[in-house]
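Have a look at the model first.

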Amino acid sequence: MNLELALRMCEAAVRQAAREGALISVAVVDPGGHLVAFQRMDGARIAGPALAAAKAYTAVAHHTPTAELAPLAVPGGELYGLAGDRYVYLGGGVPLTGARGDGEVRGAIGVSGGSIPQDVACAEAAAALCEGT
């Protein structure tokens with residue numbers, strides 16, 4: 001993950017949000033969960049910055065889209081009790097693997113501010129940029 005790609009991914013998420021009619025915050029992290037790039041649309045919700053970064057962190061930490069982790073975080077689930085300011089089990093976090101085919105997670109993107117389907121659509125639109133690298 002580098003800054004140029006992370007910024008392009010933020011812009012792709014924002015473009016998708018405009019198509020979706022959502023106001024979002026978007027965060028891109030490297031494989032260690034460290035923030036590389038962040039953007040917040042004018043008028044986006046106050047919780048968006050924290051949630052976007054947490055979704056990205058959760059996706060990279062588990063190598064799984066956050067939408068798929070939600071069922072595991074309910075009482076009795078494998079991830080129940082694993083919560084805090086850095087773990088968010090709402091859709092909108094997507095790990096980034098790239099096109100090398102090695103399955104290596106190169107970072108993650110997190111989007112927050114729209115509905116869950118909107119956040120997922122924005123994150124997936126941005127993640128598509130990583131597929132060709």
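Arg 40 comes out as partly exposed, with a relative accessible area of 41%. Keep in mind that this is a predicted model. Arg 40 sits in strand E2, which covers residues 35–40. Setting aside neighbours within four places in sequence, Arg 40 is in contact with Ile 24, Ser 25, Arg 45 and Pro 49. From the C-alpha of Arg 40 to that of Tyr 57, 17 residues apart along the chain, the separation is 17 Å.

Now for Lys 55, which belongs to helix H2. Is Lys 55 buried or exposed? It counts as buried, at 1% relative accessibility. Beyond its neighbours within four places in sequence, Lys 55 is in contact with a list of residues including Thr 66, Val 88, Leu 90, Ile 116 and Asp 119. Gly 91, Gly 92, Gly 93 and Gly 110 are among the contacts of Lys 55 too.

On to helix H4, residues 116–130. Its 15 residues reach 21 Å from first C-alpha to last, close to the 21 Å expected at 1.5 Å a residue. The buried set in H4 is Gln 118, Asp 119, Val 120, Cys 122, Ala 123, Ala 126, Ala 127 and Cys 130. What do the buried residues of H4 pack against? The partners are helices H1 (3–20) and H2 (48–62), plus strands E3 (93–96) and E4 (107–112).

The axes of H1 and H4 come within 8 Å and cross at roughly 145°, and the crossing is right-handed. On the H1 side, the residues involved include Leu 5, Met 9, Ala 12 and Ala 13; on the H4 side, they include Ala 121, Cys 122, Ala 125 and Leu 129. By type, the residues of this contact divide into 12 nonpolar, 2 polar and 2 charged.

How many disulfides does a search of the whole structure find? The count is 0. For Cys 122, the closest cysteine sulfur is in Cys 10, and at 12 Å it is too far for a bond. Cys 130 is in no disulfide either, with the sulfur of Cys 10 again the nearest, 13 Å away.

Here are the accessibility values for the residues discussed:

| Residue | Relative accessible area | Class |
|---|---|---|
| Cys 122 | 0% | buried |
| Cys 130 | 1% | buried |
| Lys 55 | 1% | buried |
| Arg 40 | 41% | partly exposed |

Key. Residues numbered from 1 in each chain as written. Predicted model: local features only at pLDDT ≥ 70, side-chain atom pairs only at ≥ 80, totals over all residues. Heavy atoms only, no water. Helix = DSSP H or I, 4+ residues; strand = E, 2+ residues; numbered from the N terminus. Expected span 1.5 Å × (residues − 1). Buried < 20%, exposed > 50% of the residue type's maximum accessible area, 1.4 Å probe, protein only. Contact = heavy atoms within 4.5 Å. Axes fitted to C-alpha atoms, helices over the stretch in contact; angles between N-to-C directions. Left-handed = near helix turned anticlockwise from the far one by under 90°. Nonpolar A, V, L, I, M, F, W, Y, C, P; charged D, E, K, R; others polar. Disulfide = S-S within 2.5 Å.
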